[in-house]
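Thank you all for coming.

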Amino acid sequence: MSLRVAILGANGYGGSGLIRRLRRHPAVGTLALGSRSLAGRPVTEAWPHLAGLLEGTFTASEEALEGADVAFLATPHGATAPWVAAALDAGARVVDLSADSRLDPDTYRTWYGQHPHPETWEACRYGLVEAHRDELPGARVVAAPGCNATAVSLALLPLASARLLGEDPACTVVTGASGAGRAPAQPLHFSELDGNARAYKPAGTHRHLAEIEATLGRAAEQGRALRTHVPYHPHRVSLTPHLAPMTRGILATCTTRLTRDADQDALFELYEAHYANDPMVHVQEALPDTKAVAGSDRALVSLRVDPRDGRVSTFCVIDNLGKGAAGQAVQGFNVAFSHPETTALEMEAPWP
């Protein structure tokens with residue numbers, strides 16, 4: 001198989017990560033790099049690290065889509081839906097890194113208003129592989145999850161699936177500046193970010209919260225028939241992200257009470273069993289560092305039980321541009337196209 005692949009938004013951070021992985025993917029024959037703002041200009045003008053490795057120019061997005069078998073859309077939230085429809089109309093399958101394909105129309109309307117493309121929703125499959133692997137093969141649209149949603153969901157999924165996750169888990173996320181994208185913004189200026197940290201979009205206002213609650217709620221419902229003696233509680237999550245002075249990385253710390261008592265050893269066994277067949281998630285006893293995954297597509301997960309009252313804190317670290325964006329998108333693409341799941345993914349982070 002030699003696929004013609006288009007990357008729209010190839011001049012952004014997500015696009016850069018896609019280029020890095022897809023140019024070495026054995027199933028990809030041709031890469032067309034679409035950019036609205038840089039069409040006709042050299043790729044190395046945006047990405048100097050590719051000098052001598054990838055020559056050529058960016059093309060207009062419409063041109064990049066011509067003849068594409070697969071379109072990776074690393075385009076802005078709220079502006080990607082027309083490209084999803086255009087790619088499908090052109091006969092291409094889609095991997096959407098934006099938020100436009102992640103939520104069903106009813107959920108989207110509750111949070112944001114009218115769904116941007118309800119007519120193509122039935123073609124969409126949510127691309128958190130660790131939760132939806134069986135639904136992705138053959139998918140026409142893979143919706144890559146948000147970075148914060150990925151970290152929080154992976155931290156809590158085993159508890160939700162085992163119906164141990166208590167009501168109202170509280171999650172604090174620390175994230176690097178690249179998660180805000182490449183467009184200049186005052187809070188991201190070096191002089192304002194360096195040596196500083198701040199909370200942003202708290203109290204139920206973050207875009208990824210709807211994804212998290214939908215993912216955990218579904219996991220709990222799927223476990224319900226197996227554990228009917230455990231009362232069902234919907235999972236309304238408290239999410240408070242913080243911007244930290246680092247380029248890459250997300251640390252999610254999620255604290256909750258369990259629906260029934262379980263000690264730390266039993267919970268570690270639960271987590272190891274849950275992720276036993278997930279090559280991109282590693283469960284470890286040591287508390288994880290963001291630097292251990294920066295530049296990779298893996299997630300590291302751990303947990304602690306407070307002996308005073310039994311509250312559980314779970315931890316997950318990912319690279320927001322890897323497992324939180326481009327790596328996640330390529331992982332979903334691999335499963336949708338029946339390639340080995342780890343093909344072209346980054347397994348090892350550089351250290352130091």
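By a salt bridge I mean a side-chain nitrogen of Lys or Arg within 4 Å of a carboxyl oxygen of Asp or Glu. This is a predicted model, in which local features need a pLDDT of at least 70 and side-chain atom pairs count only at pLDDT 80 or more, while totals for chains, interfaces and linings use all residues. Residues are numbered from 1 along each chain as its sequence is written, and side-chain values use heavy atoms, with hydrogens and water left out.

On that basis the structure holds 14 salt bridges. One of them joins D297 to R21, with the closest N and O atoms 2.8 Å apart. Because D297 lies in the loop between β11 (281-283) and β12 (299-305) whereas R21 belongs to helix α1 (residues 13-22), this pair ties together parts that are 276 residues apart in sequence. Helices (H or I, at least four residues) and strands (E, at least two) are DSSP runs here, numbered from the N terminus. Both D297 and R21 are buried, where buried means under 20% relative accessible area, exposed means over 50%, and partly exposed lies in between, with a 1.4 Å probe and protein chains only.

A second bridge brings together the side chains of R248 and D319, at 2.7 Å from N to O. R248 sits in the loop between β9 (238-243) and β10 (250-256), and D319 in the loop between β13 (312-318) and α11 (322-336), so parts 71 residues apart in sequence are tied together by this pair. R248 is partly exposed, at 30% relative accessible area, whereas D319, at 0%, counts as buried.

D306 and R308 also meet in a salt bridge, at 2.6 Å from N to O; here D306 is buried, at 18% relative accessible area, while R308 is exposed, at 70%.

Strand β7 (residues 170-175) pairs with β9 in the parallel sense over six bridges, and V174 stands opposite H242 in β9.

Key
Pairing = 2+ DSSP bridges.
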